[in-house]
Amino acid sequence: MTLLKDGVLTNEELEALPCVPGRERMEKGAVVVIECPQDIPCNPCEPACPKGAIVVGGPITNIPVLKEDLCDGCGLCVAPCPGQAIFVVDLNHGNDEAAVSLPYEFQPLPDKGQKVKALNRRGEAVHEGTVVKVLTPSSFDRTAVITVTVPKELAMEVRSIRL
Amino acid sequence: MKKVELAVIGAGPAGLCAAIEGAKHGLQVTLIDENIRAGGQLFKQIHKFFGSGVHRAGIRGVDIGSQLLDETEKAGVEVMLDTVVWGLFEDKVLALVHEGRSTQLSAERIILAAGATENALAFPGWTLPGVMGAGAAQTMMNMHRVMPGKKAIMVGSGNVGLIVGYQLIQAGIKLELLVEAAPEIGGYSVHASKLARNGVKIFTSTTIKEARGDERVESAVTVSVDENWNPVPGTEREHEVDMVCLAVGLSPLIELARLAGCGFKYLSELGGHVPLHDEKMETTQPGIYVAGDIAGIDEASTAMEEGRIAALAAAESLGRLGGEEADALKKSARKRMEEFWDGSFGRRVKASKESLSVKE
């Protein structure tokens, strides 16, 4: 396990999680990817989902289970996650482009249309993406949700941005 | 001498919840804190808390602090700030000092919720300006809006190190690296992942060897450690930083419990010497209770529940609350606390806490 050495989830570790959608569901369009691998006491993602697509149940240390067919990728669970571990991945954003929505708590916020460095889980800049959406409703409580475009093959790599 | 029914010492999450709960059940409560503002560490916690709705999960610590201050006022708690409790004598008499004047206060019940202090780590250069506790850095950044440095190294990968590390970045400081002497990251991996994806390198089995600089920190030297925690020669690396942040654990602030003659047990898992206490949070001294980090280092979320349990027990013992009602309320607080201790992170805390139990 590399996660406990450097904080970076590998693809193998990710795919084993019950809160990461399968390839087939990903191909259909926007869906959440919940990168929550440990039995920590936390469940705000569960009530955040209006569709009932995220189940933690009891005890609250359960790893969330994503009901991938109920999730429409609305992203309402992204900001409430105290671990900033939820992302929306839309493989059908454009012809060759995917969109990744991620929680962002740095200042200043990017503007819509701004080019930003797209960072992978190691913090390496792997692409220059375009910000297509910046959501900051008060219900997100100062966690912005930023949507950035990336090539499809980087959709499961990009997890942060740098201005 | 002034007399109160319940004196709560320490206005952090445990003390605030104890005071609110006590007042709610009709006790005349005085809450005392040495700081000029109540809230303990809550106002430094700009991140969203874990847990579930009943634990106020998803709410930032700073906002939980505001909620609790509001509830304290509404409940009619008397709050004495900038007031140090320097003595605890027989018959539950407290010696206080405020603005240079010493007074005494007699209490029928006392809840000690003094919290904890940050551990230091001694290494060559550790007294240089720029070496500081993670909590100190947090106070500067989040309370006083002062940047404590420009480039930092964080020592320790518990939740404090990981969370404060992230807050350094939020404040505009470059966190060059985080080192952890243990072979694995200690805190929640989701917090570590937040650092990693923003470019912070985390090195496990690595510690700080030295801080260098003339007037202040100019660099830090790290070194790998083997499975016996011994430095591995030749693995030293120098990093250009002006700030060394130490997040190497907390120790319960137990002086008043010592003065009161409480029984103790040493449990490294809980941060050191901890007052023995039962399920009601009562110590070996009848009528003196503990809650929060003084009762063993843990999260703010469980500290709040311990505060409530202690106040319920105090109210019950003074006849303000029927046994059945008190039991039901204590049970639900304990249930919320145990929810927090269910996973692999809380399990060790729970086991240690249980070993502190005083037979009723």
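A tour of a pocket and the A–B interface

Begin by selecting the lining of the second largest pocket, which holds 13 nonpolar, 7 polar and 5 charged residues (Ala, Val, Leu, Ile, Met, Phe, Trp, Tyr, Cys and Pro count as nonpolar, Asp, Glu, Lys and Arg as charged, the others, including Gly, as polar; a pocket is an open set of 1 Å grid points over the protein atoms alone where a 1.4 Å probe fits, with protein on both sides within 12 Å along at least five of seven lines, and its lining residues have an atom within 4 Å of a point). The model is predicted, so local features need pLDDT of at least 70 and side-chain atom pairs 80 or more, whereas totals for chains, interfaces and linings use all residues. Residues are numbered from 1 along each chain, chains are lettered from A as written, and side-chain values use heavy atoms without hydrogens or water.

The volume of this pocket, the space filled by probe spheres set on its points, is about 680 Å³. Among its 25 lining residues, show A:E105, A:Q107, B:I46, B:R145 and B:Q170, the closest to its centre. Colour α3 (134–143) and α4 of chain B, which each give two or more residues to the lining; α3(B) has the largest share, 3 residues.

Next, select the contact (heavy atoms within 4.5 Å), with 39 residues from chain B and 41 from chain A. The buried area (accessible area lost to a 1.4 Å probe, summed over both parts) is about 3,100 Å², 51% of it from carbon and sulfur atoms. In chain B, pick B:K48, B:R60 and B:R197, which lose the most area to chain A, together 21% of what that side buries.

Finally, zoom in on B:R60 and A:D141, whose side chains form a salt bridge at 3.7 Å, N to O (Lys or Arg side-chain nitrogen within 4 Å of an Asp or Glu carboxyl oxygen); the two chains share 3 salt bridges.

Definitions and conventions:
Buried area is the accessible area (1.4 Å probe) that two parts lose on being put together, summed over both. Helices (H or I, at least four residues) and strands (E, at least two) are DSSP runs, numbered from the N terminus.
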